[in-house]
Amino acid sequence: MKLDGRRESTNVDDRRGKRGLAIGGGMGIVGVIIAAIMTFMQGGDITQVVQNIDLSGMTEQTTQDFSPEEQELAKFSKQILAGTEDVWTEEFKKMGKTYVAPKLVLYTGAVKTACGNGSSSMGPFYCSGDQCVYIDLSFFMQMKKQLGADGDFAYAYVIAHEVGHHVQYLLGVLDDAHEKMARLSEKESNQISVRLELQADFYAGLWAYHDNKMFGSLEDGDIEEGIRCAEVIGDNYLQEKARGHSVPDSFTHGTSAQRMRWLKKGLTRGDIRDGDSFSPSYSSL
C-alpha cells in the first residue's frame, strides 16, 4: 500500500510495554498460537469470551524496548485507522449521520476492557462496551508464520474488519443481532454471527475502495493479499487445519469462499447499500 505522507490517527491508546510472562491454566505458547488461529478476527461484542479469561496467573514486566518491526507496525496501524476515520466520516455524511470513530488500543499480552479481560490469544477484537478496537501487534507476525497471510493490505484488512464491527454498532446492527442470538439455538445463533462477520468483511472492502479513491493507496498485489487472507481465515480452512475436518453448524465467521466473496464485493462496489448480509437466505451468502 502507498502510505507515504499519510497522517497517523491520534485516537490511539498505546498500552504496550506490559508483556505477559506466564499464563494461568498451563497454556503455553503453542496453545496461544493455536487459540489465535481458531479465534482469529473474533469480532463483535466479545463480552462472553473475555469474561472467561483468567489473567490471575499472568505476571508482567514493563519494557519499552520495541523492535523496529513492531514500531513500523504501530505506525502503519495508526495510518490505517486514520484512513478508516476519513472514509467512514464521509460515508456517514451520505446517510445524514455523524461518525464517531473507535479508539485503537495497542497492547502486549493481555488487556483489561469494558467487556472484561482480553488476551492476545484471541486475536484482534472489538468491544462495543468501550467502543475500542484491541490489537496486539505480534498477531500480524503470527498471521505470516501460522496462516501464511502476509502483506500490508492483509494487515489493513484485519484492522478495517474490526472497525467494520464498530460501524455495525453505530448503526444498531450489532446490538440487534446479539439480542436475537441470545434467543436462538446455537446453530441459528452461529448463523447470525456469520452474517455479522461477512458484513464486517464487506465494510473492510468498502473502506479499501474509498481509501483508494481518496488517496490512491492500493498497489499491484494488494487485493490479492486481502483475498488470500480472507481465504485462510475461513472457518472451514481453520477447522480443517486444526482438526483435520470442519463442522459447518459450528461456523461463526463464514467459509473461505464466503469471506472472499464479501470482501471482494465491498472492494469492487464501494456502496454500503450492497452490504446487507442479513436479508439473503443463509445458503446464498
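Are Phe125 and Tyr134 buried or exposed? Select both: Phe125 is buried, and Tyr134 is buried too (buried means under 20% relative accessible area, exposed over 50%, partly exposed in between, with a 1.4 Å probe and protein chains only). This is a predicted model, in which local features need pLDDT of at least 70 and side-chain atom pairs count only at pLDDT 80 or more, while totals for chains, interfaces and linings use all residues. Residues are numbered from 1 along each chain as its sequence is written, and side-chain values use heavy atoms, leaving out hydrogens and water.

Next, search for aromatic pairs: the whole structure has seven. Rings of Phe, Tyr and Trp (its six-membered ring) pair if their centres lie within 6.5 Å; planes under 30 degrees apart count as stacked, over 60 as edge-to-face and the rest as tilted. Select Trp88 and Tyr203: the ring centres are 5.3 Å apart and the planes stand at 80°, so this pair is edge-to-face. Both residues are buried. Return to Phe125 and Tyr134, whose ring centres are 5.0 Å apart with planes at 15°, so they are stacked.

Now show Trp88, Phe92, Tyr99, Phe202, Tyr203 and Trp262, which ring pairs link into a cluster. A charge sits over a ring if NZ of Lys or CZ of Arg is within 6 Å of the ring centre and within 35 degrees of the ring normal.

Finally, select Arg16 and Phe66. The charged end of Arg16 sits over the ring of Phe66, 4.2 Å from its centre.
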